[in-house]
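Here is a short tour of one model, written for someone who likes to check contacts and geometry directly. Please keep the viewer open while you read.

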Amino acid sequence: MTEAADARVYTLDLKLDLHDQELFPIREVARLTGVNPVTLRAWERRYGLIQPTRTESGHRLYSQADVEEVRSILGWIERGVAVSKVSKILATAKISKAQAMPVQNDAVLGEWGEWQLQIRQAAESFDERRLEQLYGQVFSSYPMHVVFQDIFMPVWRGLAQHQEVFGQTSQWLFLDSFLRARTLQRLQLGTAPAEQQVLLAAMPGQCRELELWVAGLMLGSFDTGVRILPMGQPLEELSLVCSKVRPSALVLFSNHSPALDLPRRLTRLSLTLDCPLLMAGEISDLAQDALRGSAVACLGSEGRSMQRRLQQFLAGHLDS
C-alpha cells in the first residue's frame with residue numbers, strides 16, 4: 001500500500017478515535033523515535049513490548065504513552081540492558097509507580113502529553129521565554145515530582161537519546177541548560193538546616209548532572225536535607241567525605257544497568273562507612289534482588305516513593 005493510501009485508511013479508521021486522543025501510525029512513531037517499523041513489530045511479537053491498538057483493517061496505532069514507552073526502551077538498551085529483559089524492568093517500574101501514586105486517568109495522562117508537546121516545541125524553537133512560561137504554568141498545576149518526572153524529564157530524555165538527528169543536540173543542550181539552572185535554584189532554596197542530612201553521590205559515569213540534581217530534589221524534605229556531591233566523586237574516597245561530614249546516610253544514584261560485581265563493590269564500600277549506604281535511581285530497581293539481605297538498602301526510582309522510603313529508613317535507623 002502506498003503512503004498516501006495508508007494515510008487515507010488511517011484517517012478513515014480513526015475519525016472517531018481522534019476525538020478522544022491523538023494516535024499515531026507506525027511510520028510516525030518511527031519518525032518520532034528513530035526506531036524502524038520492523039524493530040517495533042519485533043518488540044511487540046517477540047517480547048510483548050508495546051501493545052498498540054488496531055484498526056478494523058489491522059493497522060497498528062500508537063498513543064503518546066506508547067511513544068514514551070518506546071523511548072524508555074531505547075534508554076534501557078543504551079544503558080546495556082538486553083531487550084529481552086526490558087519487559088520485566090518496565091513492569092517492575094510500573095508497579096512501583098502505581099504503589100507510590102494515586103491512579104491517573106487518561107485525561108491526566110493526556111494533559112501531561114500536551115505539556116510535553118509544548119515543551120518540545122519550545123525547545124525546537126529555542127524559545128526561552130516560552131519555556132519559562134511553560135515552566136511556571138506546570139509548577140502552578142502539579143507537585144514537583146510530577147513536574148520533573150512525568151513532564152519535563154521525558155522530553156529531556158527523548159532529545160538526549162537522539163542526538164544523532166540534526167538539530168537535536170542543540171535542542172537538548174538548550175533544554176538541559178534551562179532545567180539545570182532552575183533545578184539548581186530550587187536546590188539552593190532548600191539548603192536550610194534540616195534535622196537530618198543525607199549525602200547524594202553519582203555512581204561514576206552512570207548519570208548526567210541534571211538527573212542527579214533532580215534526584216536530590218525528589219529525596220529532600222522539610223526534615224531531611226540533601227547535600228549533592230560533585231560529578232566525578234570517586235567511590236573510594238566517599239569514606240573520607242563521610243567521616244568529615246558525618247551524614248545520616250549516603251545515597252548512591254545511577255540510571256544504568258548494574259555491573260555483575262556491583263553487590264561486592266557496594267558491600268565493600270559499606271564496611272568503610274560510619275553511616276548507612278543506600279541506592280537510588282533505576283539501578284536500585286534492577287539490583288534490588290541481588291542486594292536483598294545485604295547492608296545496602298534500595299530506594300527505587302520513582303520520586304515520591306524514593307522520598308518516602310528514605311524517610312522510613314532514617315526513622316527506622318534512628319529507632320534501632
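## How the strands pair

Two strands count as a pair if DSSP finds at least two bridges between them. With that in hand, and remembering that this is a predicted model, start with strand β6 (residues 249-253), which pairs with β7 in the parallel sense over four bridges.

Moving on from β7, strand β8 (residues 296-298) pairs with β7 in the parallel sense over three bridges, and Val296 in β8 is the bridge partner of Leu277.

## The sheet as a whole

What is the order of the strands in the open sheet? Five strands are arranged as β5-β4-β6-β7-β8, with parallel pairing. The edges belong to β5 (224-228) and β8; each has a single partner strand, so one side of each is left without a neighbour in the sheet. From one strand to the next, the twist averages 30 degrees.

## Helices against the sheet

Helix α11 (residues 238-245) lies across β4 (196-202), β5 and β6, and runs at about 160 degrees to β4. Helix α12 packs on the sheet as well, touching β6, β7 and β8, and its direction makes about 140 degrees with that of β7.

Helix α12 (residues 262-270) also takes part in a right-handed β-α-β unit, made together with β6 and β7.

Is β6 enclosed or open to the outside? Five of the five residues of β6 are buried, so the strand is largely enclosed by the rest of the structure. Both of its faces are covered: Ala249, Val251 and Phe253 are buried on one side, and Leu250 and Leu252 are buried on the other.

In a regular strand the side chains alternate between the two faces of the sheet. Strand β7 (residues 277-280) can be read in this way too: Leu277 and Met279 point one way, Leu278 and Ala280 point the other way, and all are buried.

## A helix with a buried face

Now turn to helix α7 (residues 128-141). This helix has 14 residues and reaches 20 Å from its first C-alpha to its last, close to the 20 Å expected at 1.5 Å a residue.

Which residues of α7 are buried? They are Leu131, Leu134, Tyr135, Val138 and Phe139. Seen down the axis of α7, the buried residues fall within an arc of 130 degrees, so they line one face of the helix. An α-helix has 3.6 residues a turn, so residues three or four places apart point the same way. The face of α7 turned away from the buried side carries the exposed residues Arg129 and Ser140.

Ile26 sits in helix α2 (residues 26-33). Its relative accessible area is 14%, and because buried means under 20%, Ile26 counts as buried. Leaving aside neighbours within four places in sequence, Ile26 is in contact with Pro37, Leu40, Arg41, Arg60 and Tyr62. Pro52 is 26 residues away from Ile26 in sequence, and their C-alpha atoms are 9.3 Å apart in space.

Met153 is found in helix α8 (residues 144-160). With a relative accessible area of 4%, Met153 is buried. Setting aside neighbours within four places in sequence, Met153 is in contact with Phe148, Leu210, Glu211 and Val214. Met153 and Leu175 are 22 residues apart in sequence, with 9.8 Å between their C-alpha atoms.

Note on methods: Residues are numbered from 1 along each chain as its sequence is written. This is a predicted model: local features need pLDDT of at least 70, side-chain atom pairs count only at pLDDT 80 or more; totals for chains, interfaces and linings use all residues. Side-chain values use heavy atoms; hydrogens and water are left out. Buried means under 20% relative accessible area, exposed over 50%, partly exposed in between (1.4 Å probe, protein chains only). Helices (H or I, at least four residues) and strands (E, at least two) are DSSP runs, numbered from the N terminus. A crossover is right-handed if, with the strands pointing away from the viewer, the path from the first strand over the helix to the second runs clockwise. Axes are lines fitted to C-alpha atoms, for helices over the stretch in contact, and angles run from 0 to 180 degrees between N-to-C directions. Contact means heavy atoms within 4.5 Å. The expected span of a helix is 1.5 Å times one less than its number of residues. The arc is that of the directions from the helix axis to the C-beta atoms.
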